[in-house]
Amino acid sequence: MRRLLVPLLVILIGAATLWQQQGVDRLPRAEPEAEHRLKGLGLPPEALDTIELIQRDGPFPYRQDGKTFGNREGLLPDEARGYYREYTVPTPGSPDRGARRIVTGGDPPTAWYYTDDHYRSFRPFDPDEESLP
């Protein structure tokens, strides 16, 4: 019985990972003009899909999306617990959620931050910014 448990767990974990990734692959693709604008803000094209989901309040492809971000690193301005929420920006080819995230502040969001190094650094951005730097 124990000999079957480990392979069964491996299969279940693999299936769950594949199921999550398929949810990401079904996201609508952003308009080319909007993708160009985000590149000007220093964001990857996949960030637009995440921004649109945040602004629509989901549904999100990862169960962790929309959960409270604790700011334990102390890199964002101090706010009350629950102010910040985190969302995954998919990384093409990554077998997991990858390191890219958008963290928002407020409900509805009034502060927006992007990290591509799993919370070691953040860049503020405005998803409504029309001009390129």
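Author: What follows begins with the chain as a whole, turns to the salt bridges, and ends with the pocket and some backbone details.

The model is a predicted one, and its protein chain holds 3 helices and 5 strands, which follow one another along the sequence in the pattern α-α-α-β-β-β-β-β. Of the 133 residues, 40% count as buried, and the accessible surface comes to about 8,600 Å², with 55% of that area belonging to carbon and sulfur atoms. Among the contacts between residues at least 6 apart in sequence, 40% join residues at least 24 apart.

Now to the part you asked about. Side chains of opposite charge can pair when their charged atoms come close. The count of salt bridges in this model comes to 4. One of them is between the side chains of Arg 97 and Asp 65, at 3.9 Å from N to O; this pair links distant parts of the chain, since Arg 97 is in the loop between β2 and β3 while Asp 65 is in the loop between α3 and β1, 32 residues apart. Both Arg 97 and Asp 65 are buried.

Arg 97 also forms a salt bridge with Glu 86, where the closest N and O atoms are 3.5 Å apart, and here the loop between β2 and β3, which holds Arg 97, is linked to strand β2, which holds Glu 86, across 11 residues of sequence. Arg 97 counts as buried because its relative accessibility of 14% is under 20%, and Glu 86, with a relative accessible area of 12%, is buried as well.

Glu 86 in turn forms a salt bridge with Arg 101, again with the closest N and O atoms 3.5 Å apart. Arg 101 lies in strand β3 and Glu 86 in strand β2, so this pair ties together parts that are 15 residues apart in sequence. Arg 101 is buried, with a relative accessible area of 3%. Through shared partners, the salt bridges join Asp 65, Glu 86, Arg 97 and Arg 101 into one network.

Strand β2 also has a part in the pocket. The largest pocket has a volume of about 210 Å³, and 14 residues line it, those closest to its centre being Asp 57, Arg 85, Tyr 87, Gly 106 and Asp 107. The elements that give two or more residues to this lining are α3 (46-56) and β2 (84-88), and the lining residues divide into 6 nonpolar, 5 polar and 3 charged.

Asp 107 returns in the backbone details, for a cis peptide bond joins Asp 107 and Pro 108, with omega at about 5°; Pro 108 is found in the loop between β3 (101-105) and β4 (111-115). Another cis peptide bond, with omega also at about 5°, joins Gly 58 and Pro 59, and Pro 59 has its place in the loop between α3 and β1 (67-68), the loop that also holds Asp 65.

Definitions and conventions:
Residues are numbered from 1 along each chain as its sequence is written. This is a predicted model: local features need pLDDT of at least 70, side-chain atom pairs count only at pLDDT 80 or more; totals for chains, interfaces and linings use all residues. Side-chain values use heavy atoms; hydrogens and water are left out. Helices (H or I, at least four residues) and strands (E, at least two) are DSSP runs, numbered from the N terminus. Buried means under 20% relative accessible area, exposed over 50%, partly exposed in between (1.4 Å probe, protein chains only). Contact means heavy atoms within 4.5 Å. Accessible areas come from the Shrake-Rupley method with a 1.4 Å probe; for residues, only the protein chains shown count as cover. On a 1 Å grid over the protein atoms alone, a cavity is a set of points where a 1.4 Å probe fits but cannot get out, and a pocket is an open set with protein on both sides within 12 Å along at least five of seven lines; lining residues have an atom within 4 Å of a point. Grid points are joined across faces, edges and corners, and a volume is the space filled by probe spheres set on the points. Ala, Val, Leu, Ile, Met, Phe, Trp, Tyr, Cys and Pro count as nonpolar, Asp, Glu, Lys and Arg as charged, and the others, Gly among them, as polar.
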